[in-house]
Amino acid sequence: MTRILVIRLGAIGDLILTSPAIINLRLSNPDAKIFFLTRPPHSQLLKFCPGIDEIIEFPQDSSLFTLFKIGEYLDKIGFDKVIDLHGNFRSKYLMRHISAPVKIQYRKRRWER
């Protein structure tokens, strides 16, 4: 079974906007197990999003040690694909730390806004 991790740590509105991407990911990978990494306040909302099999909460404590520990934990799960829909320091670190064969990163166009 293919394991896919989607990372989106940010605001609640941004999470709502990721729901079409999750639905399309599910349609493209019907047999995959899709994990979603987000912060605890937003995890309750994601329970209503079809296509997500498991929600992993990123701790509110955002120390470098915590970031390292969650990276170690996620790497042990053995993801086949990691999709970063956030594009910040934490999510970029996790993308590099997790040894998945396929990694996809959303590139924010900060300078074009």
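Student: Which residue in strand 5 stands opposite Asp84?
Tutor: Gln105 of strand 5 stands opposite Asp84. Please bear in mind that this is a predicted model. Asp84 belongs to strand 4, where Ile7 stands opposite this residue.

Student: What is the strand order of the open sheet?
Tutor: The 5 strands have the order 3-2-1-4-5, with parallel pairing. Strand 3 and strand 5 (102-105) are the edge strands, as each pairs on one side only. From one strand to the next the twist averages 20°.

Student: Which strands does helix 1 touch where it packs on the sheet?
Tutor: Helix 1 (residues 12-28) touches strand 1, strand 2 and strand 4, and its direction makes about 165° with that of strand 2. Helix 3 packs on the sheet as well, touching strand 1, strand 2 and strand 3, with a direction at about 155° to that of strand 3.

Student: How do you know that the span of helix 3 is close to the expected value?
Tutor: Helix 3 (residues 64-77) has 14 residues. The expected span is 1.5 Å times one less than the number of residues, which for helix 3 comes to 20 Å; the model reaches 20 Å from the first C-alpha to the last. Just after helix 3, Gly78 takes a positive phi of about 85°.

Student: Why are the buried residues of helix 3 said to line one face?
Tutor: The residues in question are Thr66, Leu67, Ile70, Gly71, Leu74 and Ile77. Seen down the axis of helix 3, they fall within an arc of 135°, so they line one face of the helix.

Student: What covers the buried residues of helix 3?
Tutor: The cover includes strand 1 (3-7), strand 2 (33-38), strand 3 (54-57) and helix 4 (89-97).

Student: What puts the buried residues of helix 4 on the same side?
Tutor: These residues are Ser91, Leu94 and Met95. They cover an arc of only 105° around the axis, which puts them on the same side of helix 4. The face turned away from them carries the exposed residues Phe89 and Arg96. The cover over the buried residues of helix 4 includes strand 1, strand 2, helix 3, strand 4 and strand 5.

Student: Why is Met95 called buried?
Tutor: Buried means a relative accessible area under 20%. Met95 has 7%, and is therefore buried. Leaving aside neighbours within four places in sequence, Met95 is in contact with Val82, Asp84, Lys103, Ile104 and Gln105. The C-alpha atoms of Met95 and Lys81, 14 residues apart along the chain, are separated by 10.0 Å.

Student: Why is Tyr106 called partly exposed?
Tutor: Exposed requires over 50% and buried requires under 20%, with partly exposed in between. The relative accessible area of Tyr106 is 45%, so this residue is partly exposed. Tyr106 is in the segment after strand 5. Apart from neighbours within four places in sequence, Tyr106 is in contact with Asp84, Leu85 and Gly87.

Student: Why is the pair of Phe35 and Phe79 called edge-to-face?
Tutor: A search of the whole structure finds 1 aromatic pair. In that pair, Phe35 and Phe79 are 5.0 Å apart centre to centre, with 85° between the planes.

Definitions and conventions
Residues are numbered from 1 along each chain as its sequence is written. This is a predicted model: local features need pLDDT of at least 70, side-chain atom pairs count only at pLDDT 80 or more; totals for chains, interfaces and linings use all residues. Side-chain values use heavy atoms; hydrogens and water are left out. Helices (H or I, at least four residues) and strands (E, at least two) are DSSP runs, numbered from the N terminus. Buried means under 20% relative accessible area, exposed over 50%, partly exposed in between (1.4 Å probe, protein chains only). The arc is that of the directions from the helix axis to the C-beta atoms. Contact means heavy atoms within 4.5 Å. Rings of Phe, Tyr and Trp (its six-membered ring) pair if their centres lie within 6.5 Å; planes under 30 degrees apart count as stacked, over 60 as edge-to-face and the rest as tilted. Two strands pair if DSSP finds at least two bridges between them. Axes are lines fitted to C-alpha atoms, for helices over the stretch in contact, and angles run from 0 to 180 degrees between N-to-C directions.
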